[in-house]
Amino acid sequence: MAQAKTLGELKASGYTPRSVKQELRDNLIQRLQQKEEVFPGILGFDDTVLPDMQRAILSRHSVLLLGLRGQAKTRIARLLVNLLDEYVPVVAGSELNDDPLAPISRFSSDLIKEMGDDTPIDWWHRSDRYVEKLATPDVSVADLIGDVDPIKAATLRLTYADERVIHYGLVPRAHRGIFVINELPDLQARIQVSLFNILQEGDIQIRGFKLRLPLDIQFLFTANPEDYTNRGSIITPLKDRIESQILTHYPKTVEIARSITAQEATLADEQRDRVEVPELLNVMLEQLSFAARDSEYIDEKSGVSARLSITALENLVSTAERRSLINGDEHTVARITDFWGVVPAITGKVELVYEGEQEGAYGVAMKLLGQSIKTSFLAHFPDPGDVAADGRGESDPYGIIRAFFSGGHVVELLNDGSNQDYREALDKVAGLRKFVTGHIDEKLSEAETYLYMELVLQGLAEMEVLNKEALHNSLNFRDILADMFGGEDIDFR
């Protein structure tokens, strides 16, 4: 059938027209029967959003994906293209991509009437059958639907009474394809009204022309919840005409979130070769996002995009890469101290409430990091608050570590310290290595051992057992009472 070059050859091939919604439905049925993946790369929606999308397609519905930012709404919309036929025939030169056996435009009707079975046919690839428009306040009816083109009228010497002077907008040009409007609430109410007839009756009106174009379009809209901002909302009559509304959501588990971040993060090959990111840090990155979504400082209605974790991982790797380049290390392992380079990925992606504004974006980011450290620390080691705090006896597993810092010792971890400096600083802490190996069941590599050693110090600081002081380019750990009493034997290097 794809070899047909004329209308006559197409008829001889046995081609039968199908609506785009029927086409999507038929191809989805085939995918489901063959157990093929329908929406590749979409993670965490297997039991919620994706079944709803499949039901909407089977029902031949227009769809509204409603959810907070960073919930893969646009990604799902773009993957619908894969359910279209690879090629469909169109009348050559048609603005509206007319089906040769069911033309709707004046151009195609006239051409077929004139040339009959010799009418030339083109083949339209599915990648060209997707139209996406970001709704902005300046979008006009002419942009979406069309308008009279005076230049075309003058060039063709036509009066304004001739429908050939019409310049069609994005929606008519998406005939026999998929049309997506992102952020639908941003579209002015009077513009939303212009979509009524298209959704309900499938036709359009342009500047009073008495024409009816039975457009065949799969509509898909995306939006944040109406109360997200005061910028606008979806008017009720339009929402009523959208047949399926599907709610999206953020990843429900850290494991799913990790998979999304690993899939979406853009890392150069040399970064992957130079920098190793242990599993512990990957989990801590995702815990940052989960903590942000529950934080009293962040507006829960605005959401915390999955892009926070993605860009945070990219920044973490780049921070470790920069450190290794400065020190001439051929290979390095990311550390908790490298999280200072993740802060810029957090501050621009959270919308603060009043309390958060008082705290400041940087302060909120550091609190989130501290909460992530505390969560990971308590997941691997006993709570210091549940054991004796006198530093003596077998009841306190942190006794030797407490005694070390009580003796006035200070441990300094440089942000840009070399691998050797980092390990030497941690090795100074009496009992730290033995404590880690005694509480972590799985076999640790040498690099992982040092990472967990750092986690112990960071965790004890978050639990207020140690004092952590952030200087310009380093972190200092000391006994929490040292600053209060100022013993002379404290090493303030």
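This is a predicted model: local features need pLDDT of at least 70, side-chain atom pairs count only at pLDDT 80 or more; totals for chains, interfaces and linings use all residues.

Leaving out residues up to four places away in sequence, Val456 touches Phe377, Phe381, Tyr398, Ile401, Leu432, Phe435 and Val436.

Let's zoom out to the domains. The protein splits into domain 1, residues 7-246, domain 2, 254-379, and domain 3, 398-478. Between the C-alpha centres of domain 1 and domain 3 you've got 59 Å.

Now, the cores. The largest nonpolar core has 65 residues, and the ones touching the most other members are Phe339, Phe381, Phe405, Val411, Val436, Val456 and Leu457. Which helix gives the most to this core? That's α22, residues 446-462, with nine residues. And where does the core sit relative to the domains? Domain 2 and domain 3 both give residues to it, so it lies between them. Apart from that one there's another core, of 33 residues, including Leu96, Tyr168, Phe196 and Ile217.

Last stop: Thr248. You'll find Thr248 in the loop between β9, 244-247, and α12, 254-264. Buried or exposed? The relative accessible area of Thr248 is 10%, and buried means under 20%, so Thr248 counts as buried. Skipping neighbours within four places in sequence, its contacts are Phe45, Val49, Leu65, Leu66, Gly67, Gln71 and Lys73. With Gln71 there's a polar contact too, side chain to side chain, at 2.6 Å.

Key. Residues are numbered from 1 along each chain as its sequence is written. Side-chain values use heavy atoms; hydrogens and water are left out. Domain bounds come from an automatic or database domain assignment. A nonpolar core is a set of buried Ala, Val, Leu, Ile, Met, Phe, Trp, Tyr and Cys residues joined through side-chain atoms within 4.5 Å. Buried means under 20% relative accessible area, exposed over 50%, partly exposed in between (1.4 Å probe, protein chains only). Helices (H or I, at least four residues) and strands (E, at least two) are DSSP runs, numbered from the N terminus. Contact means heavy atoms within 4.5 Å. A polar contact is a pair of N or O atoms within 3.5 Å; within protein, one must be able to donate a hydrogen and the other to accept it, and residues adjacent in sequence count only if both atoms are side-chain atoms.
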